[in-house]
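Please consider the structure below together with the numbered points that follow.

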Amino acid sequence: MTSSSPVSWDGFATAEPEFADIVQRRFRLYKHHVLATLRKDGSPRVTGLEADFRFGDMLLGMMPHSLKALDLHRDPRFALHANPGPDAEMNDGDVRVSGRAMEITDPEVIARFIEEATPPEPFHLFRAELTDVVWTGLDGDELVIRSWRPGQPLRTVRRK
């Protein structure tokens, strides 16, 4: 049985621990990444963003009333592309996650995040609920694409 329901980062890491570790390490290589959200008219908006991994979640923080936060309040769908780095080598592969970003409003979680991460305040904090995780890289002359979706096994495709 497959499921299309989004899962938390912890749910992804439980389903595919090695793959989740690879993806998380790739996001941690650089501080800033590229977030895609949907504008009112449905067209894409891309902006910079930092991803934070805490409490079993991938967390997305942003300034109050920022356009990306307003986009996510209206339509929670997003894609986050890990910073590819300064060169074209991509030795650690290319990573993208997609899903829904749900705002965290629980005061205890917010307080804990402030205590641990010391973000500039005020801020919006969203939890990434994943629907798709993709890693693309090279293995010799082959392009390797690993992808995961909730309720499905990790899939690997190789292309010459």
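**Note on helices, strands and salt bridges**

1. Arg25 and Asp21 are both part of helix H2 (residues 17-28), where they lie 4 residues apart, about one turn of the helix. Helices (H or I, at least four residues) and strands (E, at least two) are DSSP runs, numbered from the N terminus. The two side chains form a salt bridge, with the closest N and O atoms 3.1 Å apart; the term denotes a side-chain nitrogen of Lys or Arg within 4 Å of a carboxyl oxygen of Asp or Glu.

2. This is a predicted model, in which local features need pLDDT of at least 70 and side-chain atom pairs count only at pLDDT 80 or more, while totals for chains, interfaces and linings use all residues. Residues are numbered from 1 along each chain as its sequence is written, and side-chain values use heavy atoms, with hydrogens and water left out.

3. Arg54 and Glu116 also meet in a salt bridge (3.3 Å, N to O). Because Arg54 lies in strand S3 and Glu116 in helix H4, this pair ties together parts that are 62 residues apart in sequence.

4. Glu116 meets Arg112 in a salt bridge as well (3.5 Å, N to O). Salt bridges with shared partners join Asp52, Arg54, Arg112 and Glu116 into one network.

5. Strand S3 (residues 51-54) pairs with S4 in the antiparallel sense over 4 bridges; strands pair if DSSP finds at least two bridges between them. In S4 (residues 57-62), 5 of the 6 residues are buried, that is, under 20% relative accessible area, with exposed being over 50% and partly exposed in between (1.4 Å probe, protein chains only).
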